[in-house]
Amino acid sequence: MKLFEFQGKELFAGAGIPVPASRLVRISEPDGTGVPGGIEGVLARVQGASAELAREVPGLRNVVIKAQLDMGGRGKAGLIRVAPVNGTGPDGADSGATGAAGTVAREILDKGYTIPALLIEEAAQIGQELYLSISAEPGNACYVILASAEGGVDIEELARTRPEAIRRVQVDPFRGLQGHQSRGLAYDLGLTGPLVGQFARLVEQLWSVFTQYEAELAEINPVFVTDATGAPGLIAGDAKVIIDDNSLGRLNRAGHGQFQLTREQYDSDAAYESALEGIPYVQFDGDISLMCAGAGLTTTVFDLVNYEGGSVANYLEFGGPNYNKAQRAMELCLKNRSSVILIVTFGTIARADVMAEGVVTAIGNLKPDRPIVTCIRGTGEEEADRTLRTAGLEPLYDTEEAVRRAVALAASAREGVRS
Amino acid sequence: MSIYIDQTTPIIVQGITGKEGSFWTNHMIEMGATVVAGVTPGKEGELVRGVPVYHSVRRAQEALSSGAVGAHDPAAAPGSVTTPASVAAPGPARAAMLFVPPRFTKDAVYEALDAGITRIVTIADGIPLHDQIEIRAAARSMGAQVVGGNTSGVISPGKSMLGIFPYWIERVYRPGTIGVMTRSGSLTNEVTAMIVEKGFGVSTLIGVGGDPVPGTRFAEFLPAFEADPETEGVVIVGELGGTMEEEVAEAIAARLFTKPLVAFIGGRTAPKGKRMGHAGAIVTGSAGTVAAKTEALTAAGALVADRPSKVGEMLLSLIPAPRQVS
């Protein structure tokens, strides 16, 4: 579960990590419904939030308005913007400037992205920018901390062009993070004076977030080095936290009930509904709906459809514990504007006969308006064959043949639309 | 021969009295596995298809070591009582099969490790990442190999099985001389059917699992396949994400593995940054792409198929006359 920046910063603040003063302005509720007051209401609250921050932070000249959505490169896309505020500081900034925050927010919203909220933050006085992250290292069965004195850039790009600029420390899962490791990183980054201790503490605080919330990734990029008051300090400029989905139950039992699947984390209704059902689903915009069993097989069918010149409308797995959910799976496929449903399975516990029975029942109930190609194999496949044939379907047994059939049907559906 | 397990490996089943546990224990025995004991806390004294159940792995191992328990009698009907010591005592269990839910898996693995068991298979799908890291770290420090989670397990067709394979599907689970390692269950059926169609069979099939942190990685099984005289070549069913396929390429380049190797790698056209499929199958940046894996394996001298149907013919080009195993 990828947290939004504001959620990550809430965890950071709880661990003592310095974060900018901020206000959250919601555009939609977590369930996806719009907040009352519409866009004008949102803009008014953005202005109000900026004014509050101006009163709260002495000498504040600018706020940063940051769109909250799961997307890399928000800055380049114009979704993170600076706006001047009505300053209360010694420079006595223009009192009319609070209007600018609303204007900038409108420009962000006009970009056309689905944005559930805006985070309005004090703009830090930025000196240097650092990078810090913690993630798992599967091969060595440990965790790894990456840090760089060249933060604020794409870390993958930095790893490619200047790998020596990234320092790495492995943390043994049983020993945990040691003081010499966090201090060592601070020295390796070339930090001096009070920044050494501050950075070491930051590493320890991020480690506590990473372990307490069982994260796959906890990243601060950039860490701002500030010297607003003449004393250097560190502040988290961004927050990227991915919580392990397999730990959500444990975290919620431990009282961290904020980690619930909500509509705002998904890009379509079908994706959200399937997540609630535990059915893996990814939305695409092609014309073949995949309704397959097994992650590896579904991914391979996805490849084969592309090789054969077709395009995928949705990726959907109804194998494993979901093998009796054919009807639900087909409903999700039918939400798409696909022209074919392609069913490929080769299951063990996900029995072929049960899946075939489910498919036939679903067809009877849902009366799908598009052709269905089946390639259902595995335990009980003889009975599955009888079930499908009785229902008037023509079961196929070769995956690639089934894919070619689906691609041809999709192509002729397109022809039909054109003529 | 085979690797990891054969028909003589004494096996303990943790979670044996559950629905899955008893059902698949029965199938493991059907296939030839030597199941010597089961564990379910609170159920000591019960029998599952003649296999005695204990409260804990340690208690089972003590009983097995003292010779108080005989091997399972293959002729015993389900639910019947096996006379203790009616068959030569096999000694303590050397492999463990876990039918334990994800959140209890770490405890169950540690329980097996603490009882001296070094081959442990967990099929659980949904083991927390931080648990997986600890499981792998603990196993490595004790010289053990944990297989899984999120896998069908390990099978040496016709000999033994630690897992949940449809071994009765003959066009997939035919005994033979090809070692198979895979990150995916259903796709393995698909790929293995293609090599059986070309006259091959399987020596040992190991599902390392589809999670980001498999207990044991592809390359770590290569030395055993290299040493196994019955294995003529290896097929790897990989997918995008992670670095396990690249590690295989390194092992080949370092001459740690010298037998023919064919790989199929799924997810060539998968979108970057989206989690589609297994939790371990995700690409961020340029690492872990199918293109990069293909390049590494090809450079090391392996053959890489871009679709399952090509695996069989590629293998045939390297091993024109596979040895047949009865």
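In chain A, the residues E5(A), K9(A), K66(A), R74(A), E121(A) and D238(A) are linked in a network of salt bridges, where a salt bridge is a side-chain nitrogen of Lys or Arg within 4 Å of a carboxyl oxygen of Asp or Glu. This is a predicted model, in which local features need pLDDT of at least 70 and side-chain atom pairs count only at pLDDT 80 or more, while totals for chains, interfaces and linings use all residues. Residues are numbered from 1 along each chain as its sequence is written, chains are lettered from A and ligands numbered from 1 in the order in which they are written, and side-chain values use heavy atoms, with hydrogens and water left out.

**Chain A as a whole**

- The secondary structure of chain A comes to 13 helices and 15 strands, these being DSSP runs numbered from the N terminus (H or I and at least four residues for helices, E and at least two for strands).
- The C-alpha trace of chain A spans about 85 × 55 × 40 Å along its principal axes, and of its 419 residues 54% count as buried, with buried meaning under 20% relative accessible area, exposed over 50%, and partly exposed in between (1.4 Å probe, protein chains only).
- Among contacts in chain A between residues at least 6 apart in sequence, 68% join residues at least 24 apart, a contact being heavy atoms within 4.5 Å.
- Chain A is assigned domain 1 (21–122), domain 2 (126–253) and domain 3 (268–418), with bounds that come from an automatic or database domain assignment.
- Between the C-alpha centres of domain 1 of chain A and domain 2 of chain A the separation is 27 Å.

**Salt bridges within a chain**

- Over all chains, the structure holds 47 salt bridges.
- One of them joins the side chains of K9(A) and E5(A) at 2.7 Å, N to O, and these two residues are separated by about one helical turn because they are 4 residues apart in helix α1 (residues 5–14) of chain A.
- K9(A) is buried, with a relative accessible area of 6%, and E5(A) is buried as well, with a relative accessible area of 4%.
- R414(A) and D287(A) form another salt bridge, in which the closest N and O atoms are 2.4 Å apart.
- Since R414(A) lies in helix α13 (residues 399–418) of chain A and D287(A) in the loop between β11 (281–283) and β12 (288–290) of chain A, the pair ties together parts that are 127 residues apart in sequence.
- R414(A) is partly exposed at a relative accessible area of 36%, whereas D287(A) is buried at 11%.
- In chain B, the side chains of K310(B) and D306(B) meet in a salt bridge of 3.1 Å, N to O; K310(B) is partly exposed, with a relative accessible area of 32%, and D306(B) also counts as partly exposed, at 25% relative accessibility.

**A loop residue of chain A**

- P30(A) lies in the loop between β1 (22–26) and α2 (38–56) of chain A, and it counts as partly exposed at 29% relative accessibility.
- Although P30(A) and Q265(A) are 235 residues apart along the chain, their C-alpha atoms are separated by 8.3 Å.
- Leaving aside residues up to four places away in sequence, P30(A) touches T262(A), R263(A) and E264(A).

- The size of an interface is often given as the accessible area lost when the parts come together.
- Chain B and chain A bury about 4,200 Å² between them, 55% of it on carbon and sulfur atoms; this buried area is the accessible area (1.4 Å probe) that two parts lose on being put together, summed over both.
- The contact takes 55 residues from chain B and 53 residues from chain A.
- Across this interface the rule finds 5 salt bridges, and E400(A) forms a salt bridge with R307(B), the closest N and O atoms being 3.3 Å apart.

**One residue at the interface**

- R136(B) is found in helix α4 of chain B and is buried, with a relative accessible area of 1%.
- Among the residues that R136(B) touches, not counting residues up to four places away in sequence, are P138(A), G139(A) and A141(A) of chain A, as well as V213(B) and E220(B) of chain B.
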